[in-house]
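Hi everyone, thanks for coming.

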Amino acid sequence: MSSVEAGPLLAWFSQHRRRFPWRTPFPRDPYLVLVAEVMLQQTQASRVAVLFPRFLERFPTLDLLAAASEDEVVAAFAGLGYYRRARLLHRLAREVAARGWPRSSSELVRLPGMGPYTAAAVAAFAFGELTPPVDGNLCRITARLFAVNSVLRSPTLSAQAHAFARKLVATHPTPEIFEALMELGATVCTPQQPQCAICPWATHCAAFRGGKPSAFPLPQPARTKETPTWVALWVENAAGEVLLRQLTEPPLLGLWLPPLHRGDGDPQYRAAILAQEAGLVANPSLVGSLRHHITHRRITVLLFRAAPPLGVREEANGFRWASPSALLPTSSLAEKLARLAHRSRAKGEAP
Ligand code: SF4
């Protein structure tokens, strides 16, 4: 690892870094670092660049975020998806508002929803700790520079990536190294078709010299794809409101959606169970199906429609009525279900 130095990386970064609203001078406000890192976990930086200022306009401080309701925080994540992040961020804000910010990565990682990468990033960018945040970008760069025959998330490669970044900050003790590594991985040493011709480390890169930069890290073994089938029930009352039920288990914990059955068995029977739980007497009829992805899982959802009830057991059983417009910002699944329900209605299907 001796010939790969931090200097060329930092020189490249000073010229080519992208300007983002969270990239302010160090040390940064820990709240802003946290919000940016949480948003960047599963959303492209260009999209976060648009939604980050909007979120901060709504919740300019951690205390205001902590004082908000969970529904308000989830609604402010509209457009980002993966709403579990919003709920964990809210819990974390409440804990920090009550006890203050821990300053080290080893303490930060104990906060709700805070993984080792985010803890190290907040500790580095806000508090100047130089423990490397190890993510997929850093692992991929390390695998290629040193031709490491490991898959991306292997403990061996993570340890090598950590050691490599530590060596870089030992000679240039600034958290900017970490941000430059993230930027190199996001814009030059990308998963497919790395731009080796413009890479500041090309002359020292073993994978590039070997002529096969994309061969590292090793491909992940093929994962067997589960395709579970969920059943959803669409019920609309005379006022145009939709029957919703709050989900009480991951992966969509806390979201209000049309009642869902996520178990196994005959779909018609499962739809009938949902109808029974909602106090409906009508037998639901199938109106169509859709595909949805939740993290890495592909799911088929069968949508049934049932006539509105004479009386629904509302809040007590976790049901409530809401206008479709209140439903849409909270989940892309809700949006797809609403579109399918309205398409089927336009075609004149039952009821
Ligand atoms: S030379 Fe190519 S493969 Fe090697 S670190 Fe740079 S971009 Fe990645």
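Predicted model: local features only at pLDDT ≥ 70, side-chain atom pairs only at ≥ 80, totals over all residues.

Residues are numbered from 1 along each chain as its sequence is written.

Okay, the overall picture. The protein has 15 helices and 7 strands; these are DSSP runs numbered from the N terminus, H or I of at least four residues for helices and E of at least two for strands. The C-alpha trace spans about 75 × 45 × 30 Å along its principal axes. There are 351 residues, and 36% of them count as buried. Buried means 20 or more other C-beta atoms within 10 Å of a residue's own, exposed means 12 or fewer, and partly exposed is in between, with C-beta atoms placed from the backbone.

Now, which residues are closest to the ligand? They are Cys 189, Cys 196, Cys 199, Cys 205 and Pro 213, out of 15 that surround it. To be in that shell, a residue needs its C-beta atom, placed from the backbone, within 6 Å of the molecule. By type, the shell has 13 nonpolar residues, 1 polar and 1 charged. Here Ala, Val, Leu, Ile, Met, Phe, Trp, Tyr, Cys and Pro count as nonpolar, Asp, Glu, Lys and Arg as charged, and the others, Gly among them, as polar. Helix 9 (136-145) and helix 12 (206-209) each give at least two shell residues, and helix 9 has the largest share, with 3.

Let's stay with helix 9. Helix 9 packs against helix 10 (residues 155-171) at an angle of about 90°, with the axes 9 Å apart. Axes are lines fitted to C-alpha atoms, for helices over the stretch in contact, and angles run from 0 to 180 degrees between N-to-C directions. That makes the pair roughly perpendicular, the label for 65 to 115 degrees. The residues of this contact divide into 7 nonpolar, 3 polar and no charged.

One is open, with 4 strands in the order 4-1-6-5 and mixed pairing; two strands pair if DSSP finds at least two bridges between them. Its edges are strand 4 (260-261) and strand 5 (285-294), each pairing on one side only. Strand 5 runs antiparallel to strand 6 (residues 297-305), with 9 bridges between them, and Leu 290 has Val 301 as its bridge partner.

The other open sheet has 3 strands, ordered 3-2-7, with antiparallel pairing. Strand 3 (256-257) and strand 7 (319-322) are at the edges with a single partner strand each, so one side of each has no neighbour in the sheet. Strand 2 (residues 242-246) and strand 7 share 4 bridges, and Val 242 sits opposite Ala 322.

Most residues other than glycine have a negative phi, and most peptide bonds are trans. But Phe 26 and Pro 27 are joined by a cis bond, omega about -5°, and Phe 216 to Pro 217 is cis as well, omega near -10°. Ala 147 has a positive phi of about 45°; this residue is in the loop between helix 9 and helix 10 and is partly exposed, with 17 other C-beta atoms within 10 Å. Gln 193 also has a positive phi, near 45°, and is exposed, with 8 such atoms within 10 Å.

Notes: Parallel < 35°, antiparallel > 145°, perpendicular 65-115°, else oblique.
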